[in-house]
Structure formats: structure tokens, C-alpha cells
Amino acid sequence: MKALDELTFDNRFARLGDAFSTHVLPEPIAAPRLVVASPAAMALLDLDPAEAETPVFAELFGGHKLWAEAEPRAMVYSGHQFGSYNPQLGDGRGLLLGEVYNDAGEHWDLHLKGAGQTPYSRMGDGRAVLRSSIREFLASEALHALNIPTTRALCVIGSDTPVWREKQERAAMVLRLSPSHVRFGHFEFFYYTKRPEQQKELGDHVLAMHFPHCLEQPEPYLAMFREIVERNAELIAKWQAYGFCHGVMNTDNMSILGITFDFGPFAFLDDFDAHFVCNHSDDQGRYSFSNQVPIGQWNLSALAQALTPFISVEALRETLGLYLPLFQAHYLDLMRRRLGFTTAEDGDQKLLEHLLQLMQNSGVDYSLFFRRLGDESPELAVARLRDDFVDIKGFDAWGALYVARVAREGVVDQEQRRKRMHAVNPLYILRNYLAQKAIDAAESGDYSEVRRLHTVLSNPFEEQPGMESYAERPPEWGKHLEISCSS
Ligand code: AMP
Ligand code: MG
């Protein structure tokens, strides 16, 4: 285990030079203090978890101190925001501090979000508020615990620095970890500014660092694009299976690694609602829950367009065609497991759609339904769950089909079934109202609730004694929280 001053840097992206990023120093926040740290994320850097309690930890991740080997840079990119191309984006309030490699030889980008203004800040102040920093931290670590690929969060550092949003708030910083911060929008930037040489430099870098196995293929760029399509199909299948709504699927918020990236007004579904729009600013519902599937393809097409200098249009089109069938296969596989099936039947898709329609009509809690379905034998579980449905007759019809479907798998040991189902059906989900309670306490200086919630969500499949209230459905006030981009 290492102390903070023992981290080893190897700043590969910074070495690409000034066409790709700009040197900017973090602007410190006043009176930096630890709000919460993730021991699991610290372990990725081989850091001793006790380091989080040292004053130098808050100083480093609050922008006051910097390692001599760090090379803070703001990256340039562009992207499609809500369907329209924005030619000039970039790190407006975050800096890539450098790349640390751990004892296992993995490289991790250290990205400090909320580090002050950069050449890409446009009208923004370069800051992140405590509220959104806590939300990003909790979501990163919660998604990871659900086995959903994501950037990680090392810590949140709070401060006394005032920032103005709808009202006065306090600035904070999140230290984000990811093997790469390259977005779809990076490729779009060099494509639309007509700089094929630099685009190739970027592409070769991404290939060598993150897709080295593709270099052995006859067409490395095509092999890489194919893998990006595959990874995104699987990622979005996981979002849909677990009720995660990203909220701002702009192409500058899409990671080249196919991991959940750049958290804003995200939400996990409480009641099942295919049309749920978690981003209060998304008037058209472009990024509604069910639209995430076609938007994933739309975003991949935008990336494909940017890759036309390297890959034939035909090959790109053919590869894009893999997305939907792959998504479907992953999604159905996950949902079969959530339903407790160990085999596949042709009718499973229909059975699932039937259930989701009933849940939609009755506003049934999405996560708890699956958890409870495994609690008892299929017969007892459906008999108990039927009370949650307005259309009881409709649900009874589904329940009979479900019980018969499970019976066709042969004799089931209920204890084994429960274990198997609970291992894929979380009891604890980062519900907006839980995050909000933790944020309210943190804004008044009490960080215990954020820390407790983080601990609970780090182990979402295991029942944790004394934590029953974290598994409950939201109260009425908690169902209608408005979360917007402005954070
Ligand atoms: P986001 O929707 O958070 O992904 O942000 C979109 C773009 O706006 C990115 O280029 C951000 O860096 C930039 N941005 C967001 N908030 C701020 C802020 N407070 N100050 C400066 N730039 C910002
Ligand atoms: Mg962004």
C-alpha cells in the first residue's frame, strides 16, 4: 500500500502535446475538507485508505497542492449536444492531472472536476457544486458495485468557496478515475476541424493505449470501432436492465471505452416508466429512458462519421448494424437472469414486455419487484406482488405464465433460486431521494449520511442489518425531484 507521495506518474496523453490539451493549473477551493472517499477506488491506485484522512489528501484534491510529476491539462473536444453539433467544447471545469500506474501496471487518469476555469470554460465559472459532486461520486461507485462499467470516483472535497447557480452554493471537487478520458467528441473535433494528421495521432494513441489487441487485426481502426460498438451495446443493455437513466447522452459525454461517463442529471428508476426523462432541461425527452437505446446507435453513428477518413463507409455501416442485435441479446440475457431463468425460451421476450407494460400501467417499483420475486417461491412471490398492481387480473395472468415458465425448468431449490436471483437483483439502489437526503445533510456540514449511503451502495446485493430504510420506496416528495444540467 502506498502513501500519496508514492504515486508513479506516466502522462501519456499530455505528451501528445498542445494540439490535444492545454496546460492549466487547478484553482484551489477555500478550506478544503474531505466529504467522502472510496476505499475501493483508492485501492485502484494501491493507496492506503488511511491516506484519505490526512490533510494533504484534501489539499491535493482541493487544488492546493500538486505532485511534481503531475501535468494538469484541459483536453479539447467537441460533440453533438441534444442532436446539434457544437464545434468547441473541451474541459471547461475539469483537468486531467496526469496518469498514475499501479502495481498491476494499469494506468488511471486522475481527473479533477471543478478545478476552475480553462480556455474551454466559455461562460462558465469552472466550478462544480457540492450537490453535483456528491451525485457523481455516489453514482460512479454505485454503478461499479452493480457491475455496470463506469468511471470511478476517488473522493469529494468540499469547501467554503461560494458559487452561484439558482442560488448560492459551495464549490467542491471530485477526483474521477478512468483508464481514459477520450470521448466520441475528441474524434469529432479533429474530423470537423479538418485535421486528419492529428486525428490519426489521436486514433493511434487510443489504439495503442486502450485497444492494443486491435493492432493485430488487418484493419485496426475498424476492429477498434467494432469493439466500441460492442461495448456500448452491452453498456446500454445494462443501463436498461437496471433502470439507469444517464440524462445527457451527448457525444461529448460518451466514453471511447464504452463506460458510463460524465454524470449530470442521471437517475435510477423508482417506479418503472419507459418514458421517464430524468433531465429537467430535456424538454423534448430526447434522452428519455427508452430512447437511450436508439440514442446509443445515433451516437455511434456520429462517431462513425468522424472515422470516415480511416474506415470505409460500407464497413462502418455494417459494423453499426451489429449494435441493435447485440443490445437485444445482452438485454434479454440480463433480464432472464433478473427473472430467475436459467434457460432461454423463445417466448421470454414477450413475457418480459408483458410484465413491463403491467409495471408501467401500475407504477410498480422497478428494483424492488425483481428483488421480491426471488424472496419466495414463484407462486408465493407473485401472490404477494399482485397487490402492487392496479390491474390485478392482468398481473394474475402474467403470474400464471411466469410460474409455468419457471416450472418448465424442472424442480427448483428455492434457496438456490433466491441466492441466484438476489445476486443480480439489488436491494439498494441510488434513488434520487436518498442522494438528496445525503446532499441536504452535507450542505449543512454533516457528511455522515453521504458516507453511510456510499457504504450501503457499495454492497447493493447483500442485505445489510439496520439499513432497511435504504431499501424502501421513495416518499411522495422524493418521486418528483427536478434535476437539471446546471451543476
Ligand atoms: P456537461 O453537460 O457537464 O458535460 O458540460 C458540457 C460542457 O460544458 C463541457 O465542456 C463542460 O466542461 C462545460 N461546463 C459545464 N459546466 C461548466 C462550468 N461550471 N464552468 C465551465 N464549463 C462548464
Ligand atoms: Mg460533459
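Does tyrosine 191 count as buried, partly exposed or exposed, and at what relative accessibility?

## Basis of the model

This is a predicted model, in which local features need pLDDT of at least 70, side-chain atom pairs count only at pLDDT 80 or more, and totals for chains, interfaces and linings use all residues. Side-chain values use heavy atoms, without hydrogens and water.

## Aromatic pairs

Tyrosine 191 counts as partly exposed because its relative accessibility is 22% (buried is under 20%, exposed over 50%, partly exposed in between; 1.4 Å probe, protein chains only). Tyrosine 192, at 34%, is also partly exposed.

The whole structure holds 28 aromatic pairs (ring centres of Phe, Tyr and Trp, the latter by its six-membered ring, within 6.5 Å; planes under 30 degrees apart are stacked, over 60 edge-to-face, the rest tilted). Tyrosine 191 and tyrosine 192 form an edge-to-face pair, because their planes stand at 80°, with centres 4.8 Å apart. The rings of phenylalanine 244 and phenylalanine 266 are stacked, since their planes meet at 25°, with centres 6.0 Å apart.

## Charges over rings

Arginine 286 lies over the face of tryptophan 298, 4.6 Å from the ring centre (CZ of Arg or NZ of Lys within 6 Å of the centre and within 35 degrees of the ring normal). Arginine 405 takes such a position over phenylalanine 341, at 4.0 Å. Phe341 belongs to an aromatic cluster that also includes Phe272, Trp398 and Tyr402.

## Ligand 1

An oxygen atom of ligand 1 lies 2.6 Å from a backbone N or O atom of glycine 90. For asparagine 253, a polar side-chain atom is 3.0 Å from an oxygen atom of the ligand.

Technical notes
Residues numbered from 1 in each chain as written. Chains lettered and ligands numbered in written order. Polar contact = N/O pair within 3.5 Å; in protein donor to acceptor, adjacent residues only side chain to side chain.
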